[in-house]
Amino acid sequence: MPRLRLLALLLTLTALAGCAGGAAGADGRQQFVLRVGMTSVTGTVQGNLGWADEKGLLLDRLRSVGVTQVRFSFFQSGADVSAALLAGAVDVAVTGDMPALRTRASGNPTRLLALTTVNADTWLIGRKGGPTDIRSLVGRTVTAPEGTIRYRVAYGLLHAAGLDDRIEIRNVPTPESLAGLSSGAIDATVIGGPQAYDLERKGFVVIDKASHHPHLLSTEHSTALQSFLDAHPGFGEAWGSAVAAINQHVRDNIADYWTYAAKKDGVDVALEAKAEPAAHFNVEPFPAEGLAQVRATYDFLREQRLIDAEFDLDAWRVTP
């Protein structure tokens, strides 16, 4: 979203922040409304957290640390979610790996609460009748929102082909990129999830995939400021436990979840099942495969100078 609109939204959300606190409960803990920021082009809670919110699973798991309500705010990119976190407009930021890592590398006192999902694939997709291989994109228009998983994967795919200095990635939001792809004004963009499968089915060209380059597979991060965790002891551990329990519930009810998610995403259930296999949902806050993906992303961003400075990934995590 334009920066002026984002600033106005952050000021509004921050003004409401005073409503988030409350009186202490019977156990002496402060009661509060938890404000969660996440990306959503539809303005609704989607994915595993949407499933959990609809069934009351998230709130049930967080009541013990004083949460009385979970309130979601939606943004167009992970960079915007991170900006809201730093502005105090949300308490937990749910973003892709690149926004979370860049925010911490810039010196901000964030902590990683959990990996919300792992093993996410992202595709480089071309317009109908357009280039069919990545080298044919030289001199053409390739887009991805700056500061997002999609930008990181776009850069990584170009780098793997030795073309990162020959193809410019234009900073265009996903909705505009998809519209441009359909009209032919944009030659290729980067997209993941069921939208990628839906575009393939409609005849758009799949040029390359992150899954063809395992170090480019993505994780979704939940982060919070250390000051928030200090004010709410035990919250970080409770959030991680909640994510693990929610993902176990998704796995245990995977067919129902796919039906729910397909309706939210506006795609066939079969496409949803392909885009969100059970392995996407980690049943511990920091599974080994997810941590390996975080490390690979961090190393790649450092090598390409896409993040500002080194920091200790292990110390960043909230662990019991």
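Contact here means heavy atoms within 4.5 Å, and helices (H or I, at least four residues) and strands (E, at least two) are DSSP runs numbered from the N terminus. You're looking at a predicted model, where local features need pLDDT of at least 70, side-chain atom pairs count only at pLDDT 80 or more, and totals for chains, interfaces and linings use all residues. Residues are numbered from 1 along each chain as its sequence is written, and side-chain values use heavy atoms, with hydrogens and water left out.

**Stop one: two helices.** Select H2 (residues 47–55) and H10 (residues 235–252). Asn48, Leu49, Trp51, Ala52 and Lys55 of H2 touch Trp239, Ile246, Asn247, His249 and Val250 of H10. Now look along the axes (lines fitted to C-alpha atoms, for helices over the stretch in contact; angles run from 0 to 180 degrees between N-to-C directions). They sit 10 Å apart, at about 90°. H2 and H10 are therefore roughly perpendicular (65 to 115 degrees).

**Stop two: the sheet.** Next, pick out the open, mixed sheet of 5 strands, ordered E7-E6-E8-E5-E9. Strands pair if DSSP finds at least two bridges between them. At the edges, E7 (169–170) and E9 (205–209) each pair on one side only. E6 (residues 142–143) runs parallel to E7 over 2 bridges, with Thr143 opposite Arg170.

**Stop three: helices over the sheet.** Then show H8, lying across E5, E8 and E9 at about 130° to E8.

Note on methods. Angles under 35 degrees count as roughly parallel, over 145 as roughly antiparallel, 65 to 115 as roughly perpendicular and the rest as oblique.
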